[in-house]
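Visitor: Hi, I have a structure open here and would like to talk it through. Could you walk me around it?

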Amino acid sequence: MQKKICMLGGFAVGKTSLVRRFVQSIFSDTYLTTVGVKIDKKSVALPDKTVDLILWDLAGEDDIGSFRVSNVRGATGLVLVVDGTRAATLAVALTLRERAEAEFGAMPFVLLFNKSDLADRWAISDSEINELRQLGWQIYLTSALSGENVDDAFRQLASMVTK
Amino acid sequence: METLRQLLVGREISELSRVTHLLDEPEQLATAVGGVLPSAAARAHHAQLGEALAPAVERAVQRSIQKSPRTLTDILYPVFLPAIRKSIGEKIDQTFQSLNETLRHIFTWHGLKWRFESWRTGASFSEVVLKHSLVYRVEHVFLINRNSGLLIAHVTADNATSEDPQLISSMLSAIQDFVKDSFNEKEQSSLDTIRFGELRLWSEVGPFATLVAVIRGNPPEELHEIVRDVLLRIHDEFSQALEQFDGDSSQLIGVETQLQTCVELKQEDSNQGFPWLVVAAVLLILIPAGGWFFLSWQSGQRWQAYVSRLGTQPGIIVAEQKVRDGQFYIVGLRDPLAADPQALLSGTQVDPARVHSQWQFYQSLEPEFVLKRLTASLAPPDSVRLSIVNDRIVAEGEATATWINRARAAARQLSAGGPEFDISRVRDVSPEEREAERWQAYVSRLGTQPGIIVAEQKVRDGQFYIVGLRDPLAADPQALLSGTQVDPARVHSQWQFYQSLEPEFVLKRLMASLTPPKSVRLSIVEDRIVAEGEAPDTWIDRARAAARQLSAGGPEFDISKVRDVSPQARAAEHWQHYVSRLEAQPGIIVAQQTTRGGHFYISGLRDPLAADPQALLSGTQVDPARVHSQWQFYQSLDPKFVVKRLMASLTPPKSVQLSIVQDRIVVVGEAPAAWINRARAAAQQLSADGVALDVSQLRELSLAELNHLREAIQATDIFFYSGKAVPGPEQMPVLDRLADQLKEFAQNARKSGVTARFMLTGHSDATGRETANVSISAARAETVRALLNKRGVAPDLLLVRGAGTFEPAVPENSRTGSSTNRRVSVTINLE
Ligand SMILES: Nc1nc2c(ncn2[C@@H]2O[C@H](COP(=O)(O)OP(=O)(O)OP(=O)(O)O)[C@@H](O)[C@H]2O)c(=O)[nH]1
Ligand SMILES: [Mg+2]
């Protein structure tokens, strides 16, 4: 069983780093912006079956105008990534999701507030996160640097898309 | 009782009779069923409904075709056309490929071999060529879900390797999407060939799945068809499973066997031997038979050629000849001095053993035989030449008196019957006389040599004496002797060396002593020696000394045309050359320049659009490290530069042309009113600077008939619910109409030579945070763009921006927010 998953979020929020942490268990703090699409694969063993997640890491766009929606075609799940040290990236992630859903209909997603290791520069209030949790959304505070919650988030999405 | 029944179930009874009535009346029943049919069909189980309807639909289609085939053709036309076009394209490629291969091989050794094979097997030549030259192997086949790019199945040929097929499949579909997006390709066409060196990726696109074959080598075009067939069969067999594919391939197990047929496709270099044995056997039979006929005919021919050649030989008379039983017989007369008939046989390829000849000797009186006999008996000296002139034998030249007497006796003897022998032209010469003549020739030759002066010469007792002066650079008198036939042993010469002052000797000596540099050329002009070119001052000093020395009696040595170039002087010259080059450049003004301590300083003004002074340095031989320049930017008012700037700042539409006419810039053509206003403003500004920009010939684009449509479009708004980026269903008719209007406008604008672009501006109400408002307004515009695109408006005509709350349609009542302000508006830009 394979599923196509898309990583969506503003630029430099850590999409590529999260994929690398999840697939290869490594982290690097040099920033190489993604151009176009980068594709990776990871098998996740769930209690009843094994899923191959085909992860499409898309170039981050803060300007919704240049976002290539066509890359999302056929995806069964989204990973929305927000940089917890830049509040504005939340709106970007949500807008990207709206664009994708306008084109291809609703689909399961997880929302990651990344860079949780940078506590001193954190810019998102707990109340804001709780409000979103009220909507029934799956939300994780992750760090590609330490690996915190990264596996859990992807596993959660894997089980959501195989339901 | 009846009353009771009426009371209890009266209503049901009347209802029942109404229903019964309805079922009995076909008219009414039809109306009732018609009302529920669409929703009933929608709710029915898909598979069963399909089964039930299939026969009826088939019959309906059949009837429709019988009645009017056109209707169905029109419906299917858009489906078939791309397929037909593609297949014709491939057919042409295929033909070209076979033509190319045929031409390439037509004259090679392979070519001959393959011709033979085509003759043997009855296949056409080009088929045979293709079979041998298109060597390929299908190594992998991927079946990829069209929607998600997920891998459905993958098959590999034996011992071919690859990276993770699931990753490859996703990447391939990402590439396909990328190409389609970037080049604005239509949905039907797709990237069907990719090449990486030896590998080719061929993809065939079906409704639900794409089949990609990875081929190593050089596949024939027919392979496209084979691959397409496989894809078609897969779609036939598994259409439902393919349509519903969600990443789980367990429903599609059988697909792999179909794909297997693809990877079994290959054409390997076949190495069939050439049928040497057959050819050798045929040759063995043919050669001897043909050879025998040919040889007997040829030997008869050769004999005849030999006989007629003997007939033309002087001193040979053929009396009789015949051929019998392969033997040749010949009888005749011959002069002993004539050519030997036996010797003439060699080279004719007539076998001497089969030739039987009988020759009688006689003395021929033909002049050439007489001449030969005279030459043998008189032995004339080298200085006498005998020749035949009009059948007479003539002797010419010089000879001693004794020889002349013997010749005269022979002439008398011949006079009886033979040809005349004329010796009147032989001069009587004794050897001494001849030698003296040769000596004089030698001496006069010496006299004409430059650099040699003969003072005295004489001949005594067969010995020759000579005295004189010679320049060491002149020709050697001894060497001049050879070829004159004067015996060197009898020559006694005495030469004094001296320096000749003839210009060419002086020139030679100057070249040797001064060793002028390559940049100096010495030449002789009217007996003067002239030096021209460039040299360092030290050399010029030496040359001047030499000139002084020569002035006593020798030719003049003129060095006034040699320029003094010491390195500094040369560098300064290069620098001046560079500066004058800069000054000639438009848009560059040199204000100041100096040379100090071997360094160059320059300052001035330059236009940013002018040539780069640094770049102009290259090729001037000025050392850039020693150049110190200071340039201030300024805007040149040279019309050429002004035009460049205007092109960049005004971006004139295509229908407008800028040109320079006698230092004035003239703008001609048609443009939208807004652009004309900008051009006018620019003209005003420039006139203050003294540059004439003539916009009087600009005409306004007449788009009056479009004004109505433009107003209608710009008055249209698409509205949204609070917090939504997608418009509600009630907006769909508005979008439909807007799309039609945009298409009509764009088309009409294009006809008048302008491109119309539509700016979709998203707006939001003032509730919530501004960043969220800006991004939702942009997302609204984006969505409208996608929706208009779906309705056939070309995406490159649609521009998108988000205005957030900054451009509200109505002033906002901050508590509730305004539904009027949550909208996307349209404005038209003409270019
Ligand atoms: N401290 C910290 N830094 C992170 C974390 N995740 C990513 N980064 C850093 O953030 C920068 C951007 O990371 P990327 O993964 O390249 O971001 P991206 O979203 O793929 O960026 P684009 O491809 O340009 O859209 C890099 O310098 C990373 O090292 C994290 O969890 N903690
Ligand atoms: Mg990236």
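Guide: Happy to. Let's start with Thr515(B), which sits in the loop between helix H16 (503-514) and strand S16 (520-525) of chain B. Keep in mind that this is a predicted model.

Visitor: What is the phi of Thr515(B) near?

Guide: The phi of Thr515(B) is near 35°, a positive value in a residue other than glycine. For context, most residues other than glycine have a negative phi.

Visitor: And is Thr515(B) buried or exposed?

Guide: Thr515(B) counts as exposed, because its relative accessibility is 53% and the cut-off for exposed is over 50%.

Visitor: Which residue of chain A has a positive phi although it is not a glycine?

Guide: Ala12(A) is one, with a phi of about 60°. Ala12(A) is placed in the loop between strand S1 (2-9) and H1 of chain A.

Visitor: How accessible is Ala12(A)?

Guide: Ala12(A) has a relative accessible area of 23%, so it is partly exposed.

Visitor: Let's zoom out. What does the secondary structure of chain A come to?

Guide: Chain A has four helices and six strands. Along the sequence, they follow the pattern β-α-β-β-β-α-β-α-β-α.

Visitor: How many of the residues of chain A count as buried?

Guide: Chain A has 163 residues, and 51% of them count as buried.

Visitor: On to the metal. Which residues coordinate the magnesium ion?

Guide: The magnesium ion, ligand 2, is coordinated by Thr16(A) and Thr34(A), each through OG1, at 1.9 Å. This pair links distant parts of the chain: Thr16(A) belongs to helix H1 (residues 15-24) of chain A, whereas Thr34(A) lies in the loop between H1 and strand S2 (37-45), and the two are 18 residues apart.

Visitor: Is Thr34(A) buried or exposed?

Guide: Thr34(A) is buried, because its relative accessible area of 14% falls under the 20% cut-off. Thr16(A), at 23%, is partly exposed.

Visitor: Now ligand 1. Which residues come nearest to it?

Guide: There are 24 residues around ligand 1, and those that come nearest are Lys15(A), Thr16(A), Ser17(A), Tyr31(A) and Thr33(A).

Visitor: Where does the largest share of the shell come from?

Guide: H1(A) supplies the largest share of the shell around ligand 1, with three residues. By type, the shell residues divide into 10 nonpolar, 10 polar and four charged.

Visitor: What polar side-chain atom lies 2.4 Å from an oxygen atom of ligand 1?

Guide: That atom belongs to Thr33(A). An oxygen atom of ligand 1 is also 3.1 Å from a polar backbone atom of Asp29(A). For Asn114(A), an N or O atom in the side chain is 3.2 Å from a nitrogen atom of ligand 1.

Visitor: How much of ligand 1 does the protein cover?

Guide: On its own, ligand 1 has 650 Å² of accessible area, and the protein covers 93% of that.

Visitor: Changing topic: how many disulfides does the structure hold?

Guide: Zero, over all chains. A disulfide is a covalent bond between the sulfur atoms of two cysteines.

Visitor: What about individual cysteines, say Cys6(A): buried or exposed?

Guide: Cys6(A) counts as buried, at 0% relative accessibility. Cys262(B) is buried as well, with a relative accessible area of 1%.

Visitor: Back to chain B, then. Where is Thr716(B) found?

Guide: Thr716(B) is in the loop between helix H22 (704-714) and strand S26 (717-719) of chain B. With a relative accessible area of 7%, Thr716(B) is buried, and its side chain reaches the backbone oxygen of Ala712(B) at 2.9 Å.

Visitor: And where does Ile253(B) lie?

Guide: Ile253(B) lies in the loop between helix H8 (222-243) and helix H9 (255-263) of chain B. Ile253(B) counts as exposed, at 62% relative accessibility. Its C-alpha atom is separated by 9.5 Å from that of Ile152(B), 101 residues apart along the chain.

Visitor: One last stop: what is the place of Leu446(B)?

Guide: Leu446(B) is in helix H14 (residues 431-448) of chain B, and it is buried, with a relative accessible area of 0%. Leu446(B) and Asp476(B) are 30 residues apart in sequence, and their C-alpha atoms are 9.7 Å apart in space.

Note on methods:
Residues numbered from 1 in each chain as written. Chains lettered and ligands numbered in written order. Predicted model: local features only at pLDDT ≥ 70, side-chain atom pairs only at ≥ 80, totals over all residues. Heavy atoms only, no water. Donors = N, O, S within 2.8 Å, 3.2 Å for Na, K, Ca; no water. Buried < 20%, exposed > 50% of the residue type's maximum accessible area, 1.4 Å probe, protein only. Near = heavy atom within 4 Å. Polar contact = N/O pair within 3.5 Å; in protein donor to acceptor, adjacent residues only side chain to side chain. Areas by Shrake-Rupley, 256 points an atom, 1.4 Å probe, with all protein chains shown as cover. Nonpolar A, V, L, I, M, F, W, Y, C, P; charged D, E, K, R; others polar. Disulfide = S-S within 2.5 Å.
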